[in-house]
Amino acid sequence: MSASALARWASHPGRSRGRRIAEPESPPRTVHQRDRDRIVHSNAFRRLVYKTQVFLNHEGDLFRTRLTHSLEVAQIARSVARALALNEDLVEAIALAHDLGHTPFGHAGQDALQECMHEHGGFEHNLQSLRVVDRLEQRYLAFDGLNLSFETREGILKHCSRRHARELLAAEPDGPARRFVDGGQPSLEAQLVNLADEIAYVTHDIDDGVRSGLLGPAQLADAPLFAGFAREADALARGAPAALARRALPEALRRMLSALIGDLVTATAEALQAAAPEDAEAARRCPPLVGFPAPVRLELSALKSFLFATLYRHPQVLRTTAAARTVVSELFAAYRACPDEMSADFAAAADAPRAVADYVAGMTDRFALREHERLTGRRLLADLERART
Ligand code: MG
């Protein structure tokens, strides 16, 4: 979309706050297109294909991974951005980078690493995503990281504790951590990606939950928000041949996805018209303007609680997550005891615990398991090992 077609409150690439290290730009690409391209070419982005979203990477070829999740978030965010004349390239860049800091094994890995780092400054995955693009990617002779624009980095730093925000501000007083101390919102594009993330995961986690057999029809009949769409699709599929009846679930999910996107566009367009911010900076000083209608927000929140209780805390999921936590915490202990077991850059780092956290967080599920076996002699989650060979 050309800059002239953007809404006045959108993040115009021509008014970017720029990169930390000045670089000549690369026409005809905008600053945010170039950010997206740098992200797609990064090592961390390619690793997302072997990182768990909810189900461990090996449990089935059709389950979402962090990569396919990120692509779905980007698709949803771009649809909404185009409908609202927001910066589509910026939302794509933020969406593709939003999970780069995730550890192997999804939330189980993150919880374990948080515990390991409790005495050493903590571990937050949003902050880790920013570390990946600011420091850990090593592809440029002139600087560490990808040297992304302020707007992309602001979107990546979705949450941040005040303690970490103060640390970031000490190094970069006008950086993206500012709002966690002073208040204010991130750009409309960053707000949008946050909600596109929610739309993506509630939808695809139902799909994966059913595919895994952990969510059954009886439970889904009570699922907030989703149950209505399931009834619509079931009514249409009634009497259809079995081959077609199987399409009732994707039909219901597709309807829910479309409805959520439509609701987000409508409610946000109204909020923007009412607040009428002068430009992107003024939009940051408004309350959050990208959002769902209030009843949908409540239903979505109830659906998230439903998924938490039925799927993320399902005994079968908890069994694998317990093993995954063990892998991460034992890896952390092994590298702390013997830093030379890590690759040379990490072994030589001044802040040893942080280097171990960076190293472990960057691993794919299968590399973590391989390293765990090499260092401890034990094979956890052995079915993944079989899948690998
Ligand atoms: Mg996500």
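User: Before we start, what should I keep in mind about the model?

Analyst: It is predicted, so local features need pLDDT of at least 70 and side-chain atom pairs count only at pLDDT 80 or more, while totals for chains, interfaces and linings use all residues. Residues are numbered from 1 along each chain as its sequence is written, and side-chain values use heavy atoms, with hydrogens and water left out.

User: How many helices and strands are there?

Analyst: Helices (H or I, at least four residues) and strands (E, at least two) are DSSP runs, numbered from the N terminus. Here you get 21 helices and zero strands.

User: What does the radius of gyration say about the protein?

Analyst: The radius is taken over C-alpha atoms, and the globule rule is 2.2 Å times the number of residues to the power 0.38. For 389 residues a compact globule would come out near 21 Å, and the protein has 22 Å, which agrees. The C-alpha atoms fill a box of roughly 60 × 50 × 35 Å along the principal axes.

User: What share of the residues is buried?

Analyst: Buried means under 20% relative accessible area, exposed over 50%, and partly exposed in between (1.4 Å probe, protein chains only). By that cut-off, 52% of the 389 residues are buried. For areas, the method is Shrake-Rupley with a 1.4 Å probe, and for residues only the protein chains shown count as cover. The protein exposes about 17500 Å², and carbon and sulfur atoms supply 53% of that.

User: And what about contacts between residues at least 6 apart in sequence?

Analyst: A contact means heavy atoms within 4.5 Å. Among contacts between residues at least 6 apart, 70% join residues at least 24 apart.

User: How far apart are the mean positions of the positive and negative charges?

Analyst: Lys and Arg count as positive, Asp and Glu as negative; His and the chain ends are not counted. Each charge is placed at NZ of Lys, CZ of Arg, CG of Asp or CD of Glu. The mean positions of the 49 positive and 51 negative charges are 1 Å apart.

User: Now the metal. Which residues are the protein donors of the magnesium ion?

Analyst: Donors are N, O and S atoms within 2.8 Å of the metal (3.2 Å for Na, K and Ca); water is not among the atoms, so sites may look incomplete. For this ion they are His69 (NE2), His98 (NE2), Asp99 (OD) and Asp197 (OD), at 2.2 to 2.7 Å. Along the sequence, their spacing reads H-x28-H-D-x97-D. His69 sits in helix 3 (residues 66–84) and Asp197 in helix 10 (residues 188–211), so this pair ties together parts 128 residues apart in sequence. Both His69 and Asp197 are buried.

User: Is Glu172 buried or exposed?

Analyst: Glu172 is buried, with a relative accessible area of 17%. Its place is the loop between helix 8 (162–171) and helix 9 (178–182). Not counting residues up to four places away, Glu172 touches Arg20 and Arg153.

User: What covers the buried residues of helix 5?

Analyst: The cover includes helix 3, helix 6 (125–136), helix 17 (315–337) and helix 19 (352–361). Helix 5 spans residues 106–116, and its buried residues include Gly106, Leu113 and Cys116.
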